Amino acid sequence: MTTLPSQNLQSVRPLCFSSLNSLKFGSQTPSLKFPISSPIKLKPAKLFTSNNGTNNSGVVGKASASEFSADIGDVLGDVTIFTAADQPVFLKDLWDQNQGIAVVALLRHFGCPCCWELALGLKEARARFESAGVKLIAIGVGTPNKARLLAERLPFPMDCLYADPNREAYDILGLYYGFGRTFFNPASTKVFSRFESLQEAVKNYTIEATPDETSSVLQQGGMFVFKGKQLLYAHKDEGTGDHAPLDQVFDICCKVPA
């Protein structure tokens, strides 16, 4: 049985992935320290938000849907992402834009061990969501070949995995970005409470899935529920591994107004 670090996990400290060195990785055991090979250029997020305080959905997420403008679905829908097979597709073409219900999970990047854990949870929950008429969509930062590494080695279904190499969807949704959020946010310590599921997810992990652009590893993810173009639920990860509870997301999908 792996022993967790004895430090007070509620304190603010860096989430260097060297803290996870006791995880048992597959044949390619990486050093999970942050790969700084060149100065990092921080890319400012282009927030597309509104503080008008309106929310007609009846559903409120951790980051309230009222934070976003009423046309967020239209703006997000015009973003071009790529299938794991390297085919471009508009986000709006992934689900019915009138009444279809979709859960859009944005991973940090394809080389993030915590995102492998989230992807494993999404895969295991997919049948339950689909039986309720909900489409699961997973998007990660990186190129399609990086997405394929995760899909092949986790494994994860390629038909619901997409790549956003330029982080366009992340910028539009105003997802957090930066060194502090990635390595120093107290929310990142939640990952240690899920140590066994994380260990299961990284059995065949490879650091080769990490984006070639170093600054991309500073991106945080989030999870969103849409009914057509209407945003019903929003969760913006406060730190690395601060994922939305899938049971809670499922309950929200089941309560979507007709």
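Student: At which residue does H2 bend, and by about how many degrees?
Tutor: This is a predicted model, and the bend is the angle between axes fitted to the seven residues ending at a residue and the seven starting there. In H2 the residue concerned is Ala125. The bend at Ala125 is about 50 degrees.

Student: How far apart are the end C-alpha atoms of helix H2?
Tutor: Helix H2 covers residues 113-131, which is 19 residues. At 1.5 Å a residue, the helix should span 27 Å.

Student: Which residue just after H2 takes a positive phi?
Tutor: The phi in question is about 80 degrees. The residue with this value, just after H2, is Gly133.

Student: How many disulfides does the structure hold?
Tutor: A disulfide needs two cysteine sulfur atoms within 2.5 Å. The closest cysteine sulfur to that of Cys112 is in Cys115, 3.4 Å away, so the pair is too far apart for a bond. For Cys254 the nearest cysteine sulfur, that of Cys253, is 6.8 Å away, and Cys254 is in no disulfide. The number of disulfides in the structure is 0.

Student: Is Cys112 buried or exposed?
Tutor: Buried means under 20% relative accessible area. Cys112 has a value of 0%, so the cut-off makes Cys112 buried.

Student: Where is Phe192 found, and is Phe192 buried or exposed?
Tutor: Phe192 lies in the loop between helix H5 (179-183) and helix H6 (195-201).

Technical notes. Residues are numbered from 1 along each chain as its sequence is written. This is a predicted model: local features need pLDDT of at least 70, side-chain atom pairs count only at pLDDT 80 or more; totals for chains, interfaces and linings use all residues. Side-chain values use heavy atoms; hydrogens and water are left out. Helices (H or I, at least four residues) and strands (E, at least two) are DSSP runs, numbered from the N terminus. The expected span of a helix is 1.5 Å times one less than its number of residues. Buried means under 20% relative accessible area, exposed over 50%, partly exposed in between (1.4 Å probe, protein chains only).
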